[in-house]
Amino acid sequence: MQLAQVIGTVVASRKEDVLEGLRFLVLRPVDASMNAAGNVVVAADAVGAGVGEVVMFASGSSARQTQLTQNRPVDAVVMAIVDQVTVEDSLKYEK
Amino acid sequence: MQLAQVIGTVVASRKEDVLEGLRFLVLRPVDASMNAAGNVVVAADAVGAGVGEVVMFASGSSARQTQLTQNRPVDAVVMAIVDQVTVEDSLKYEK
Amino acid sequence: MQLAQVIGTVVASRKEDVLEGLRFLVLRPVDASMNAAGNVVVAADAVGAGVGEVVMFASGSSARQTQLTQNRPVDAVVMAIVDQVTVEDSLKYEK
Amino acid sequence: MQLAQVIGTVVASRKEDVLEGLRFLVLRPVDASMNAAGNVVVAADAVGAGVGEVVMFASGSSARQTQLTQNRPVDAVVMAIVDQVTVEDSLKYEK
Amino acid sequence: MQLAQVIGTVVASRKEDVLEGLRFLVLRPVDASMNAAGNVVVAADAVGAGVGEVVMFASGSSARQTQLTQNRPVDAVVMAIVDQVTVEDSLKYEK
């Protein structure tokens, strides 16, 4: 998984039928110190994450292993909202 | 998923039989501000996207989760046409 | 998928049994203007492509969705020979 | 697989239900000489690894091939703790 | 697939049970001229490759399509030992 900050949303009315009802979030991947790390990703939201929150997302076929995303053409899913990131006994992030 | 702009098409007459009938689009991945971000990708079109439109595409096995692409050797699919991208309350793209 | 030019071949006599009979091509990924874009890839050939031709290849599990490659440890397959690449009404490549 | 050093942990209380009970580790990928190589990754822990240990992790659908991770939206798993890395007869790492 | 040179081995005694009996090789990916190209990868050995040999490895779910690796948390496998690499009629590598 990667850590990311939710920075926005995508609206798409014309889409593959099975995508109906999914919410799409714009994610900025971050490193363990919450610095930007890599290109933005759009992920389906499986946990009700909001803009500004730090989350974990899973990519590839693993992104289809949630109730909301199974059998859907989705390659990234937010599957957890992060409370704390600790690196070598130092608290790097706390919600 | 990644955001991308449709910039062109690929014609290929000699191909694996099961690919018959698919339309192949040349995509330029973009970031949330619509700036180019990464190498071009060729994706199957599942939603009738046209050159110039901003779309979302899914990669890997998830690209086979549409009616058009299932069981086909396709690793990228355009599965939605984007209407709006909003980042931190600012409208970054509107169709 | 990615566009690539076939630049060579790989011969491997000692291999997993199920790979018997596959032909392996060395590919140089290219962008829409046929400039090199990324590291060489070795792909199984599902369409009878020759050195010098421009092709499309699929990666990951999708590379196993051809008759030749199913159930084989192959993560890239040439699934089409490209006739034309058009970008914004300009013909970038014609066979 | 990639080599990595376990550098921290992630706590996430709000998450997809099926993730209950998994432990999430922050990994710093390393090369064969234990130098940092690439962005941090968050992986599920299948072997009881501790901070400071050098491990191997698997990505993608292969990350779901452990008892702990099957059918879960997890795209990276620590599946072994490394005892020794030897490169060209030279011991690069020993636990 | 990618070309790589086998440069070492990894020993890991504490690991997911199903990994018992697999041999792990440290690979240095190379381009068609045998120059280093990218970070080292650890792969399971399905063909009895030795240090110094040039091999092909497959990644992702395709790495589980060998008898040795099926249903195991392995995302890279050496599936062939390379005898020859030819690029544009020039022999770039011969065993």
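Visitor: Which residue of β1(D) does A:Thr86 stand opposite?

Guide: A:Thr86 stands opposite D:Thr9. This is a predicted model, where local features need pLDDT of at least 70 and side-chain atom pairs count only at pLDDT 80 or more, while totals for chains, interfaces and linings use all residues. Residues are numbered from 1 along each chain as its sequence is written, and chains are lettered from A in the order in which they are written.

Visitor: In what sense do β7(A) and strand β1 of chain D pair?

Guide: Two strands pair if DSSP finds at least two bridges between them; strands are DSSP runs of E, at least two residues, numbered from the N terminus. Here β7(A) and β1 (residues 2-11) of chain D pair in the antiparallel sense, over four bridges.

Visitor: What area is buried between chain A and chain D?

Guide: The size of an interface is often given as the accessible area lost when the parts come together. The probe is 1.4 Å, and the loss is summed over both parts. Between chain A and chain D the buried area is about 2300 Å², with 52% from carbon and sulfur atoms. Elements giving two or more residues to chain A's side are β5 (54-59), β6 (76-81) and β7 (84-87).

Visitor: How many residues of chain A are in contact with chain D?

Guide: Contact means heavy atoms within 4.5 Å. By that rule, 28 residues of chain A meet 30 residues of chain D.

Visitor: Where does chain B stand relative to chain D?

Guide: No contact joins chain B and chain D; their closest C-alpha atoms lie 10 Å apart. Chain C likewise has no contact with chain D, the closest C-alpha atoms being 10 Å apart.

Technical notes
Heavy atoms only, no water. Buried area = accessible area lost by both parts, 1.4 Å probe.
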